[in-house]
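Here is a short report on side-chain and backbone features of one model. Please keep the viewer open while reading.

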Amino acid sequence: MRKQLYSAAAAAIAVGLAGGPAFAYTAYVSNEKGNSMSIVDTTTMKVVKTVDVGQRPRGITISPDGKFVYLCASDDDQVQVIDTSTLEMVGSLPSGPDPELFVLSPDGKTLYVANEDDNLVTVIDIASKQVLAEIPVGVEPEGMGISPDGKTLVNTSETTSMAHFIDTETHEVTDSVLVDTRPRFAEFTPDGSQVWVSAEVGGTVSVIDNKTRQVVKKINFAIPGLRAETIQPVGVSITADGKKAYIALGPANHVAVVDTKTYEVEKYILVGQRVWHLAFTPDQKTLITTNGNSNDITFIDTATDEPVQSVTVGQQPWGVVISPK
Amino acid sequence: MPYTRLAVIALFFLGVNLSAALAQTAPQAKPQKQAAEVRIGYLRAYAPELTLSLLDLPPRDEGVAGAKAGIKDDNTTGKFMGQHFDLDVTEVKPDADVTKAFNDLVAKGDRFIIVDLSTPQILSIADLARDKGVLLFNIGDRDDSLREEDCRINVFHIAPTRSMLADALAQYLIVKRWPRWVLIYGSHKPDQLFADALRRAATRFGGQIVAEKEFKDTGTARRTDTGLAQVDQQITAFTQGLPDYDVMLVADESEVFGTYLPYRTWSPRPVAGTAGLVPGAWHPASEQWGGIQMQNRFLREYGRHMLSKDMNAWTAARVVGEAASRTRGNDPKTMSDYIRSDKFSVAAFKGQKLTFRKWNLQLRQPIFLGDGRTVVSTSPQAPFLHQSSTLDTLGVDQPETKCTLK
């Protein structure tokens, strides 16, 4: 009896160890107001370093090999390239004026940038630092999503309230789908069959079928005790298995967890103030949110969908990306 | 002064960038099909105005530039919808008969007309417009009566009313715990209407007007060769002997004295209303909620800062554009039904969606409170709650309305 208990405890410890964060990942957070980038160890949940970057850093992404961070320095009108081993800026890309958000092609070779001031999407070849194309889209382009096969790019234009589908070979807009007011973000499901587009002012997320290019579902949110106008969806992250979508609700200070089959909201997770963007650790066990008005990020355990801890970063954290290894 | 200097510097740099940009051919979006026309008229009463401060002189294209910016945005969207928007601007004199100018716009095919006119001018064409199936969008008139006893089913009000502006200001002063006010008002009708709105706001939100004083317009010139020599003495003497107060409220829409109050009062107290801390539909320094994008493209395109009337006109053009793209057409009746339905909303860099009050077609909107330099706050203030929309804590609410739409 006693022996059994011991072995059960030992097994529990072993499971605990295996279930714990076995790998240390690095999260990079752009601090819009602080003109800085916070480097966070996802295991210890501590800021290990803060580096100065260009003015008004917003969109942030990382090369597939984890060697370079790309950062939109909006007020410097450039995309800065930062070596992750030295955290030094090693170059910049010609993004066009006021870059805000971008997306990297799955092969890591091409960067697609939304230029809000010019109503353009700029296509940049990273190796040669050349602009390959400028694609006219709607007013104030922002959200950028790319299909897993890299063939379809989706850009959202905020004042036009459309999701523009762009063929990445021809650089032509093939379809423009009306969504609710002020679309901010576009995210493909891992199988590439759908694009989820958040509408900040409209307060909804539109699910668009990538084949028919029709809105198949509009997801609404309601949090007891909160006024409807505070619910302003921005960032969308979908799990690698495609089962759950996490949606940052801005000044509602919550992240919604949505079942991608039923489109039902399963839970609202309280995080920090004005939550905008999200990123999973590569093992999918943790989701990190950026909370602009409380100057912190929140770690969410995706197994329980409970917030684990919030960590203060720089001034007005905007975007977050996590190293692939 | 700082605005002007900034604008000149910004223009210089923009000019350089622009010429470089123009050297390349701008890429064009591919139209999907033959474009459907949506013609928007713009009827405006204009005469040069004098203001106490040179900085407050209205630019020649005040409002019109905003409408142009809105049409440009509508057309960028229209390229993907197969719709094209046109703007027709017509000017008349203040107090002139506007029916001919109105009829001319309608004859050209305009069914959506942005109006920057006086209350009597708007009323003189409102029913005519209704009978011809024309929608009017009021961007300049703040008169509450136009949304109450004189409301019309075909007149949409983008400009906030005096009561909305006064309530926005009062909420902020109460939240700051500065509840004791003196009210100084001018002797012209608009001044007195705004004074009425401030009195109503005091009652509504718990402010206390401890004294009132009228500043009579004796017909003095706004400009003299000796400049401000006597102004300080005059204002100091005029504001002497008032009971103790927290804030001096001023209602001087007619630009006779209000601008002179800040820093010249007998007691060292802040000024708010038409001078000092001023409520408005927009502020040229608002950057929040994506506003910086609007400010940037407006400055680049029109060489000056965007004012409240520009924002109202931009919003009017966007309301028409939004209704056209959502209904995929240009029929005024269908679009009017859509604008008045629960489905409609428009975004205007004010942090939340804007919708129309169904009972009087007034646009619900947050109000900016700003001094000459920055946005100080935005109302409604968080502590003031409402059963349906906190935006309805500003202005005349549904249970109080005198409007019957017809």
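The sections below cover conventions, aromatic pairs, charges over rings, the disulfide, the interface and the backbone.

## Model and conventions

This is a predicted model, in which local features need pLDDT of at least 70 and side-chain atom pairs count only at pLDDT 80 or more, while totals for chains, interfaces and linings use all residues. Residues are numbered from 1 along each chain as its sequence is written, chains are lettered from A and ligands numbered from 1 in the order in which they are written, and side-chain values use heavy atoms, with hydrogens and water left out.

Helices (H or I, at least four residues) and strands (E, at least two) are DSSP runs, numbered from the N terminus. Buried means under 20% relative accessible area, exposed means over 50%, and partly exposed lies in between (1.4 Å probe, protein chains only).

## Aromatic pairs

A pair of aromatic rings is described by the distance of the centres and the angle of the planes. Here, rings of Phe, Tyr and Trp (its six-membered ring) pair if their centres lie within 6.5 Å; planes under 30 degrees apart count as stacked, over 60 as edge-to-face and the rest as tilted. The whole structure holds 14 aromatic pairs over all chains. One of them is the edge-to-face pair of B:Phe205 and B:Phe384, with 5.1 Å centre to centre and 80° between the planes. This pair links distant parts of the chain, 179 residues apart. B:Phe205 belongs to helix H6 (residues 189-205) of chain B, and B:Phe384 to the segment after strand E12 (375-379) of chain B. Both B:Phe205 and B:Phe384 are buried.

Why is the pair of B:Phe298 and B:Tyr302 tilted? The planes of B:Phe298 and B:Tyr302 stand at 45°, so the pair is tilted; the ring centres are 5.0 Å apart. B:Phe298 and B:Tyr302 are 4 residues apart in helix H8 (residues 291-302) of chain B, which separates them by about one helical turn. B:Phe298 is buried at 0% relative accessible area, whereas B:Tyr302 is partly exposed at 21%. Elsewhere, ring pairs link B:Phe137, B:Phe156, B:Tyr338, B:Phe344 and B:Phe356 into a cluster.

## Charges over rings

A charge sits over a ring if NZ of Lys or CZ of Arg is within 6 Å of the ring centre and within 35 degrees of the ring normal. In chain A, the charged end of A:Arg274 sits over the ring of A:Trp276, 3.5 Å from its centre. In chain B, B:Arg199 lies over the face of B:Tyr185, at 5.2 Å from the ring centre.

## The disulfide

A disulfide is a pair of cysteine sulfur atoms within 2.5 Å. The count is 1 disulfide over all chains. B:Cys151 and B:Cys403 are the partners, with S to S at 2.1 Å. The link of B:Cys151 and B:Cys403 is right-handed, with 90° about the S-S bond.

B:Cys151 is buried at 2% relative accessibility. B:Cys403 is buried at 10%.

## Interface of chains A and B

Contact means heavy atoms within 4.5 Å. The contact takes 30 residues from chain B and 32 residues from chain A. Buried area is the accessible area (1.4 Å probe) that two parts lose on being put together, summed over both. Between chain B and chain A it is about 2400 Å², and carbon and sulfur atoms give 49% of it.

A salt bridge is a side-chain nitrogen of Lys or Arg within 4 Å of a carboxyl oxygen of Asp or Glu. There are 2 salt bridges between chain B and chain A. A:Glu140 and B:Arg297 meet through their side chains in a salt bridge, at 2.5 Å, N to O.

## Backbone

Most residues other than glycine have a negative phi, and most peptide bonds are trans. A cis peptide bond joins B:Ser379 and B:Pro380, with omega about 10°. B:Pro380 lies in the segment after E12 of chain B.

Phi is positive, near 55°, at A:Arg56. A:Arg56 sits in the loop between strand E3 (46-52) and strand E4 (57-62) of chain A, and counts as buried at 18% relative accessibility. B:Leu361 has a positive phi near 60°. B:Leu361 is found in the loop between helix H10 (332-339) and strand E11 (367-370) of chain B, and is buried at 0% relative accessible area.
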